[in-house]
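Reader: I would like to learn how to read a structure like the one below. Please give the general idea of each feature, then the case at hand.

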Amino acid sequence: MKKEKVILIGAGLCGLYTAYLLQKKGIEVLLLEANTRIGGRIKTITGTTGVTMEMGATWFGNQHRHLLEVLNILELPYFRQHTQGISLFETMSFVPPQKFEISDSEEPSFRIKGGTAKLIEKLISEIGMQHIKTQTKITAIKEDNNQLIVIDAAGNSYSADKVISTIPPNLLVNSVVFEPNLPDAFIQLAKKTHTWMGESIKFSVEYTTPFWRQNHYSGTLFSQASIIQEMYDHSTADNSGFALKGFLNGGTAVLSLEERKEKVIAQLTTFFGLEANDYVAYYENVWREEPLTFQPYEQLVLAHQNNGHSLFKNPLQNGKLYVSGAETATQNPGYMDGAIFAAKTIAAQF
Ligand SMILES: Cc1cc2nc3c(=O)[nH]c(=O)nc-3n(C[C@H](O)[C@H](O)[C@H](O)COP(=O)(O)OP(=O)(O)OC[C@H]3O[C@@H](n4cnc5c(N)ncnc54)[C@H](O)[C@@H]3O)c2cc1C
């Protein structure tokens with residue numbers, strides 16, 4: 001009997017985990033990824049001091065049981081987010097921030113030791129790089145009898161019995177041409193499906209010492225008044241590398257990197273003192289400028305809108321095309337746990 005050939009589009013967490021599960025079932029897979037980098041919205045960078053910093057997905061909790069299960073299977077250790085010390089909450093720029101402490105009894109959030117990219121690296125080594133093709137941007141998918149022909153930006157075509165797309169739905173229907181066209185109800189739904197964190201700006205400031213800890217601060221900060229909206233201590237699990245990392249106000253996407261950096265350092269200096277000026281480096285990732293993640297919406301779409309919608313359950317193109325990815329999951333959609341759940345849901349159908 002001829003073996004079924006499956007093409008997966010997108011080598012983010014969902015594409016990689018789906019490939020891993022299908023291979024375990026003896027199914028031949030080819031993963032096509034547009035970027036030079038594998039991981040999608042998981043992006044760990046390493047500073048000059050060796051500290052690893054998450055520009056994408058970072059935290060998970062005990063409720064993320066599909067992700068926890070995978071971390072256990074792949075033997076990837078994780079650790080608790082540092083929250084001890086004084087945390088700050090700024091409501092107005094002209095009033096000093098409120099101080100509070102996060103109790104140890106609160107539901108913890110965790111990070112993967114060595115960075116979230118460890119999960120991606122482990123999956124790549126399990127799947128084998130020979131099954132992953134990077135710099136392959138898919139631009140069209142055509143039905144040809146009982147096959148699908150996948151065409152990339154360079155004009156190469158690949159045929160498959162089944163195709164699983166893990167491109168976020170709004171990006172998929174705006175960047176890939178289908179023949180025959182996808183059902184209108186599906187296109188309209190995809191255009192109104194929020195891509196989690198697609199609008200966010202992540203920043204990280206690398207330091208040689210955790211001076212905030214030494215001054216009894218946790219590094220946790222929430223602000224409704226300044227450029228940094230949310231921030232946490234981002235030191236490594238073994239406390240060998242130090243950074244503060246979080247999210248900037250999305251409106252500051254109109255500023256330059258230099259302007260944002262200046263405002264971030266000024267805010268850190270105001271809250272934590274002059275030592276904040278002694279940083280090693282400032283890093284940021286403006287996700288709305290990542291064309292392989294974010295596509296502007298035609299109309300206002302709310303956070304998580306249509307995530308996990310029932311229309312994503314049904315394969316298209318006469319049962320040959322599956323639309324997957326974190327946003328299609330019915331459990332914890334948008335999150336890493338959702339990406340894993342979506343992979344399990346699709347793989348179970350093979
Ligand atoms: C800033 C930020 C912070 C986050 N924080 C958290 C967190 O703390 N906890 C958490 O659980 N989740 C978090 N997330 C969400 C998490 O990153 C996602 O749930 C998860 O990584 C999605 O995986 P995915 O494979 O479904 O999609 P993606 O990672 O988006 O993968 C899709 C892949 O498709 C590729 N692609 C796109 N177009 C094409 C094309 N035409 N042809 C070929 N390939 C293509 C992309 O390059 C990408 O690699 C965060 C996301 C961001 C951006």
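Reader: Which residues have the most contacts inside the largest nonpolar core?

Author: The general idea comes first. In soluble globular proteins, nonpolar side chains tend to be buried together. In this predicted model, the largest nonpolar core has 43 residues, and L13, L16, L119 and L123 have the most contacts inside it. The elements that give two or more residues to this core are the strands β1 (5–9), β2 (28–32) and β8 (110–112), together with the helices α1 (13–24), α2 (65–73), α3 (117–127) and α8 (336–347).

Reader: Why does this core lie between domain 1 and domain 2?

Author: Both domains give residues to the core, so it lies between them. Domain 1 is made of 1–42, 116–196 and 291–350, and domain 2 of 44–115 and 199–289.

Reader: What does UniProt list for the domain named "Amine oxidase"?

Author: The UniProt record, an unreviewed entry, lists residues 13–77 and 91–348 under that name. Such an annotation may be inferred rather than shown by experiment. In the model, residues 13–77 are 32% helix and 17% strand, and the C-alpha atoms at the ends of the span lie 17 Å apart. For residues 91–348 the figures are 22% helix and 27% strand, with the end C-alpha atoms 47 Å apart.

Reader: Next, salt bridges. How many does the structure hold?

Author: The general idea is that side chains of opposite charge can pair when their charged atoms come close. The cut-off used here is a side-chain nitrogen of Lys or Arg within 4 Å of a carboxyl oxygen of Asp or Glu. By that rule the structure holds 8 salt bridges. One of them joins the side chains of K344 and E69, at 3.0 Å from N to O. K344 lies in helix α8 and E69 in helix α2, so this pair ties together parts that are 275 residues apart in sequence. K344 is partly exposed, with a relative accessible area of 25%, and E69 is also partly exposed, at 36%.

Reader: Where do E121 and K118 lie?

Author: Both are in helix α3, 3 residues apart, which is about one turn of the helix. E121 has a relative accessible area of 45% and counts as partly exposed. K118 is partly exposed too, at 36%.

Reader: And the pair E284 and R260: are they buried or exposed?

Author: Both E284 and R260 are buried. Their side chains form a salt bridge at 2.5 Å, N to O.

Reader: Now the surface. Which residues form a nonpolar patch there?

Author: M92, F94 and V95 do, with about 300 Å² of accessible area together. M92 is in the loop between β6 (86–90) and β7 (98–101). At 38% relative accessibility, M92 counts as partly exposed, because that class runs between the buried limit of 20% and the exposed limit of 50%.

Reader: How should I read the backbone? Which peptide bond is cis?

Author: Look at omega for that. The bond from E179 to P180 is cis, with omega near 0°. P180 is in the loop between β14 (177–179) and α5 (184–191).

Reader: What is phi of H216 near?

Author: Phi of H216 is near 70°, a positive value in a residue other than glycine. H216 sits in the loop between α6 (211–214) and β16 (217–223), and at 59% relative accessibility it counts as exposed. N239 is not a glycine either, and has a positive phi of about 55°. The loop between β17 (228–233) and β18 (242–248) holds N239, which is partly exposed at 39% relative accessibility.

Definitions and conventions: Residues are numbered from 1 along each chain as its sequence is written. This is a predicted model: local features need pLDDT of at least 70, side-chain atom pairs count only at pLDDT 80 or more; totals for chains, interfaces and linings use all residues. Side-chain values use heavy atoms; hydrogens and water are left out. Patches are made of residues with over 30% relative accessible area and no salt bridge: like charges are joined within 9 Å, nonpolar side chains (Val, Leu, Ile, Met, Phe, Trp, Tyr) within 5 Å. Accessible areas come from the Shrake-Rupley method with a 1.4 Å probe; for residues, only the protein chains shown count as cover. Helices (H or I, at least four residues) and strands (E, at least two) are DSSP runs, numbered from the N terminus. Buried means under 20% relative accessible area, exposed over 50%, partly exposed in between (1.4 Å probe, protein chains only). A nonpolar core is a set of buried Ala, Val, Leu, Ile, Met, Phe, Trp, Tyr and Cys residues joined through side-chain atoms within 4.5 Å. Domain bounds come from an automatic or database domain assignment.
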